[in-house]
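Dear colleague,

Please find below the sequence and structure that I am handing over to you. My notes on the findings follow.

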Amino acid sequence: MAYDLEEQEQIATLKAWWKQYGNLTSWVLIVAMGSYSAWTAWNYYQRNQSLQASQLYDELQNAVQAKDNTKVQRAAGDMQSRFGSTAYAPMSALAAAKSAYEAKDLKAAKTQLQWVAEHGADEYKAVAKLRLAGVLLDEKAYDEALKALSGELPAQFAGAVADRKGDILVAQNKLVEARAAYVAALAATDKKNPGRQLIEIKLEAIGGSLPEAKAAA
């Protein structure tokens, strides 16, 4: 095929440009295509993981409804090992902890709650620590229960944490510290919260005065 002079000049220019920059351009394209492929593969993997985790979570919930604690614990273990990075993992562990507690399998309950405390997001972690402290309180492992509540937790859990600390301190007969914990719990709990009345009852039961009563005096 014949080319006119202008086309020949354009071809010559393109050849010269390709000779100088062609290798670099090829690498840029390869990297770009590779990045796109990796991104697409990762999104597919994430969707697939979420779908499988969802199916396993449904199985776990069915086992919970059937009160089959053995199956619940097995499903929760599978969730943690296979889909530990999904939101279904801490939800499954909390459900498995409740199932184990109701089945009086406190060792399994503590294991599940400890997993969430170590791997869950902040809100899940706070719930797990509160429940773990409750289990340890039942076992009269008071120092461990207080330790379970240590560390930084979301501000919205401050009242619940102080309340649980008060319960543990009462069990240890450390009433002065318990009163302080309940007062802190009241200060961090909204006045419209229905749980606030129970904190007030516990505080008064150990000889404490409500903050409002002190202010009025």
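**Helix H2**

The buried residues of H2 are Asn69, Val72, Gln73, Ala75, Ala76, Met79, Gln80 and Phe83. Because they cover an arc of only 165 degrees around the axis, they lie on the same side of H2 (the arc is that of the directions from the helix axis to the C-beta atoms). Helices here are DSSP runs of H or I with at least four residues, numbered from the N terminus.

This is a predicted model, in which local features need pLDDT of at least 70 and side-chain atom pairs count only at pLDDT 80 or more, while totals for chains, interfaces and linings use all residues. Residues are numbered from 1 along each chain as its sequence is written, and side-chain values use heavy atoms, with hydrogens and water left out.

**Aspartate 163**

Aspartate 163 lies in helix H7, residues 158-171. With a relative accessible area of 16%, Aspartate 163 is buried. Not counting residues up to four places away in sequence, Aspartate 163 touches Tyr182, Ala185, Ile199 and Lys202 (contact means heavy atoms within 4.5 Å).

Yours sincerely

Terms used. Helices (H or I, at least four residues) and strands (E, at least two) are DSSP runs, numbered from the N terminus. Buried means under 20% relative accessible area, exposed over 50%, partly exposed in between (1.4 Å probe, protein chains only).
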